[in-house]
Amino acid sequence: AGEVGDDSSSSDSSSSSTTTEVIEIVAGQRGGRNGVRVEITAPGGGGEMMDCSSDPGTPNSSVAAEHDRIHQLYCQSLLQEADTLHNLANLHGERGEWTEAIRHYNYALHLQIQQLGEDNSIVANTLSNIGTMNHRAGNLNGALKAYKQVAKMRKNCLGNCVEVADAIVRVALVQSQTGLVDKAENMYNVALRIAVKEVGENHIKVATIKIAMGDLYLQHRHDDERALQLYSDAYCILKDNELADDHFLLKSVTKKIMDTKFKEMGDNIGGAMSAFYEVMKAVGIDAMPAIHDTSHHDLGVSSLMDDMSKANVSLTAY
C-alpha cells in the first residue's frame, strides 16, 4: 500500500483564520475496507476526521460528495502519471532506445486501461506506439499482435473510420514483411474500402494506402504493371489535392513510378526516354514540356531531372 500525504496539518492554528483542508489518500485496504481519509482543520485548530470508505454505513451527502471529489482527483493523478510516462517513452523512441520506450509505454498503458478501460482511443494510441516500437526493434510478431488489437479497439470505440484503416494498413505492412502476402493484400483492400467510404476516393489517405498497396505488388507479387497503376492513381490524387512538387509524398510516389519504369533500362537511353513518355501518359501529363522546356517546373516529374536532353542523368539516383 502506498500513500500520498500532506503535512500541512501541523501548521500553527493560532496564526491562521482560514480553513485549511488536508487530504490523505490511502491506497489499499484500511480496517478491512477500501477507503480514504480526509481531515478538515478548522479555524481554531481543531480537526475533524471523516470516513469516506466505500461502505461507511449511511453517510451524509457532504461526506459522499467529498469521497467522489477525492476519487476524481486520484484518477486524474493516475492519468497525469500515464501522460508523463508516455512522454518519456516518446523521448526514448526518438533516441532509438526501443526497449526503454516499450517499457514506459507499457507502464502508461497499464494506468490508462485501469482508468479508461480497453476500448478507448487514448489506450489504442498508446498500444499503437508499442507496436511501432516493436516494429522498429525488429519484433514483428509483437508489432503484429499490437496492431491487430489496436484495429479491434478502434473499431469498438469509433466504428469504421480512417483511424481503423490506419491500423489495418499497419497490420498489412507487417504481414507482408513476415511472408503473409495473401493476408496482407486482403487487409489493404479492407483498409482501402473503409477509407474510400469515409473520406472519398480523392482523399490523401486513399493515396497513401494505394502507395502501400503498390509496394506490396512490386516487392512481393513482382507485378510491375499493377504497382505502376496504383502509384499512378496515388500521384493523380496527390496532384488533385494541390500538394507542392517538393512534398515528400509526391516526391516519393514519383520516384516509385520512375524506378518501376526505368529499372530494366540500364544504359539504354532510348528506352529510358520511351519509358519516360509512358510514365507521363500513365499519370495523365503531357511529357513534351518536361522534355523541351526545362525552364518551367510546374510538373512534379520534370523537377526530378535537370535536363532530359543531356541523357546522362541517372534516372534512379533521385
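This is a predicted model: local features need pLDDT of at least 70, side-chain atom pairs count only at pLDDT 80 or more; totals for chains, interfaces and linings use all residues.
**Entry 1. Salt bridges**

I counted eight salt bridges in the structure, taking a salt bridge to be a side-chain nitrogen of Lys or Arg within 4 Å of a carboxyl oxygen of Asp or Glu.

I looked up Arg 103 and found its side chain in a salt bridge with that of Glu 100, at 2.6 Å from N to O. These two residues lie three residues apart in helix α2 (residues 98–116), which means that about one helical turn separates them. For helices I used DSSP runs of H or I with at least four residues, and for strands runs of E with at least two, numbered from the N terminus. Arg 103 is partly exposed at 35% relative accessible area, and Glu 100 is partly exposed at 28%. Here buried means under 20% relative accessible area, exposed over 50%, and partly exposed in between, with a 1.4 Å probe and protein chains only.

I turned next to Glu 185, which forms a salt bridge with Arg 221, the closest N and O atoms being 2.6 Å apart. This pair links distant parts of the chain, with Glu 185 in helix α6 (residues 181–199) and Arg 221 in helix α7, 36 residues apart. Arg 221 is partly exposed, at 32% relative accessibility. I also noted a network of salt bridges that links Asp 182, Glu 185 and Arg 221.

I then looked up Lys 256, whose side chain meets that of Asp 215 in a salt bridge of 3.1 Å, N to O. Lys 256 belongs to helix α9 and Asp 215 to helix α7; the pair links distant parts of the chain, 41 residues apart. Lys 256 is partly exposed, with a relative accessible area of 21%, whereas Asp 215 is buried, at 19%.

**Entry 2. The largest pocket**

I looked up the largest pocket and noted a volume of about 430 Å³. The search used a 1 Å grid over the protein atoms alone and a 1.4 Å probe; a pocket is an open set of points with protein on both sides within 12 Å along at least five of seven lines, and lining residues have an atom within 4 Å of a point. Grid points are joined across faces, edges and corners, and the volume is the space filled by probe spheres set on the points.

Which residues are the closest to the centre of the largest pocket? I found Val 169, Leu 173, Tyr 188, Thr 208 and Ala 212, out of 19 lining residues. The elements giving two or more residues to the lining are α5 (162–177), α7 (204–221) and α9 (248–262). Helix α7 supplies the largest share, nine residues.

By class, I recorded nine nonpolar, six polar and four charged residues in this lining. Ala, Val, Leu, Ile, Met, Phe, Trp, Tyr, Cys and Pro count as nonpolar, Asp, Glu, Lys and Arg as charged, and the others, Gly among them, as polar.

**Entry 3. Positive phi values**

I noted as background that most residues other than glycine have a negative phi. His 222 has a positive phi near 55° and lies in the loop between α7 and α8 (224–240). His 222 is exposed, with a relative accessible area of 62%. Glu 242 likewise has a positive phi, of about 60°, and is found in the loop between α8 and α9. At 70% relative accessibility, Glu 242 is exposed.

**Entry 4. Cys 157**

I placed Cys 157 in helix α4 (residues 140–158), where it is partly exposed at 28% relative accessible area. Leaving out residues up to four places away in sequence, Cys 157 touches Asp 119, Asn 120 and Ser 121, a contact being heavy atoms within 4.5 Å. Between Cys 157 and Ala 124, 33 residues apart in sequence, the C-alpha to C-alpha distance is 9.6 Å.

**Entry 5. The whole protein**

I recorded eleven helices and six strands. Of the 318 residues, 38% count as buried.

Methods: Residues are numbered from 1 along each chain as its sequence is written. Side-chain values use heavy atoms; hydrogens and water are left out.
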